[in-house]
Amino acid sequence: MADIIQLLPDNLANQIAAGEVIQRPASAVKELLENAVDAGADQIQLFIGDAGKSLVQVVDNGCGMSETDARLCFERHATSKIRSIDDLFRIRTMGFRGEALASIAAVSQVELKTRRAEEELGVLLEVDNSIVKRQEPCQCPAGTSIAMKNLFFNIPARRNFLKSNNVEIRHITEEFIRVALAFPHISFSLNQDGQEQYHLEKGSAKQRIVALLGSAYNAKLISIRESTDYMNIYGFAGKPETAKKTRGDQFFFVNNRFIRSAYLHHAVMGAFSDMIPADTFPPYVLFIELDPAHVDINVHPTKQEIKFEDEKLIYAFVQSALKHALARFSITPALDFDLDPGIQQLPAISQPFTPEKQEDAAKGSFYQTFTRKNQAHFIEQDSNLPHWKTLYGTAASSGTPPAPGPESASPAGGELYTPAEEQPAKAPVQVHTRYILLQIKSGFILIDQQAAHERILYEQFRQAFGEAPAATQQSLFPQTLQLSPADTALLQDMLPDLRQLGYDIAPFGGQAFIIQGIPADMDPGNEQQTLEGLLEQFKHFSPGLKADKRERLIRSLARQQSVKPGKPMEGREMQNIIDRLFACSQPQVAPGGGPTYVSFPLEELGALFGR
Ligand code: ADP
Ligand code: MG
């Protein structure tokens, strides 16, 4: 029998390989934009024709290519970005496989014009179906323009697989947004069939996010920024009220590369957990930077899925950074800083930790938690430190960092406040029988008494479910409760949970119940009203909230039993609320998501008075 194995002709091999890299116009958009970024451009224009089916063109003002390089760049595995296998572990560019241009050239008609700044003339190259059709010197601006025309003109079967223009445009826009988000110091534009859809000036990360995701977010972003010598994170997340039912505005970048990670998404959602309704998603744009040696970006041809050396650590880091930022957002709105564009200029990965940066970071409490990665298990513990320490401060004086370790880890934000010994606490003042005004070192805060009390009760009740049932005081004169059929069913359902909270209620035949005991710390006398009020509250509680029944019960109870506006409070009572609030794990938000207090930093006050 004759031999049957044959070598594939080059262009066919290229076409097959291209299938992995170039699936649709948006894939080319991503690759071409990334090449322009890698070329050091600070101005990148994208032109789209017929949803990318007839044209995807990227024009940049980057380094350009020599004549030889222009010819070589279309060869498979032609790259200027790695030379040895070791380089793979130090990748700081977006591309490195040397496949994109070869793939694009295999499935379309390409026109390349490129010129290096030091050269007088540039070069023009036309490549069809991997074959060079034309090469000649040309006049062109410094930088590179690559136009991919008539995608899949030579592979009709694949052309037929392209989706409607709307769908393809959506994919293109997504890729454009991802690259543009990661590089705010580069100006980008997107021109679709002759119309400019985006025009993004250089700016800060926050400006870029607002430009891309909408100005509605402008005042609603919390900034996140934590540095350690293992990794850094910075970026923004929406305040709890920005959470939406639809997903889409969630972005992770690792060393400026957009990645998908359900695992890290889960970490973020965990930080928001009891601040937003179930099934809603806050927007976030988070940049993680770490030594490329700790990530494997080579696991997926389009590099959207990557592998971390220590995934759990990254998870804990991301979650803690978010919790930290969320905990601070209502304390320090004035610190909602714009990221320094100077830092953005160079992807921080190309400027690894300097001694000064390291020293800065060492002062933060995060340093102690993350510097040694074997301390990851302390993270949870640390984020649960009672927050009164944050407020009254038991933080070690800043300067030399204490030896790493859980005992010495100062609570998040501790440096903002003076230790109690140094600053006699000023008595809190009630304002309009509704708010509590408290002076702190950095200014003052205004606490909403009801919201704060709700948070306290909420955490207390939640905790009750993790432990033995709360203590009950047996009633000397048990009261009966007569309910409607609907309420009867509702209460019947809640009985086990209520028992856990210290209520002793028993069915008494028909639609009646008998209240034999109430929580030990409750004043006896109006059990009936309390329970009726609770049922009412439960029924009307956040209809949008899809939390489970127990969660709703806890929230309802907390709402119902909290001190209401109009209740005068003595100094002792206010102090009690303050102490208990800052001992909560989430002191800054009420169970419903609103703030429990607002802060007025001295700098802001000074600014108001024009100082
Ligand atoms: P990779 O990006 O993985 O190196 P590509 O096929 O995308 O592979 O590009 C091949 C090479 O062509 C790059 O390594 C680079 O040297 C050069 N190149 C591609 N696009 C540009 C550009 N816009 N400006 C300058 N050089 C470019
Ligand atoms: Mg590339």
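Trainee: How far apart are the end C-alpha atoms of helix 17 (residues 527-539)?

Mentor: Happy to walk through that one; keep in mind that this is a predicted model. Helix 17 has 13 residues, and at 1.5 Å a residue they should span 18 Å. The end C-alpha atoms agree with that expectation, being apart by 18 Å.

Trainee: Within what arc do the buried residues of helix 17 fall, seen down its axis?

Mentor: The buried residues include Glu527, Leu531, Leu534 and Phe538. Because the buried residues fall within a limited arc, they line one face of helix 17. Covering them are, among others, helix 16 (485-500) and helix 18 (549-561).

Trainee: Which strands stand at the edges of the open sheet of eight strands?

Mentor: The order of this sheet is 5-4-3-6-2-1-7-8, with mixed pairing.

Trainee: Which residue in strand 6 is the bridge partner of Glu111?

Mentor: Let's start with the strands. Strand 3 (residues 109-115) pairs with strand 6 (residues 143-149) in the antiparallel sense, over seven bridges. In strand 6, the partner of Glu111 is Ala147.

Trainee: At about what angle does helix 6 (residues 165-182) run to strand 7?

Mentor: Two helices are worth a look here. Helix 2 (residues 25-38) lies across strands including strand 2 (55-60), to which helix 2 runs at about 10 degrees. Helix 6 lies across strand 1, strand 7 and strand 8, and its angle to strand 7 is about 170 degrees.

Conventions
Residues numbered from 1 in each chain as written. Chains lettered and ligands numbered in written order. Predicted model: local features only at pLDDT ≥ 70, side-chain atom pairs only at ≥ 80, totals over all residues. Heavy atoms only, no water. Helix = DSSP H or I, 4+ residues; strand = E, 2+ residues; numbered from the N terminus. Expected span 1.5 Å × (residues − 1). Buried < 20%, exposed > 50% of the residue type's maximum accessible area, 1.4 Å probe, protein only. Arc of directions from axis to C-beta. Contact = heavy atoms within 4.5 Å. Pairing = 2+ DSSP bridges. Axes fitted to C-alpha atoms, helices over the stretch in contact; angles between N-to-C directions.
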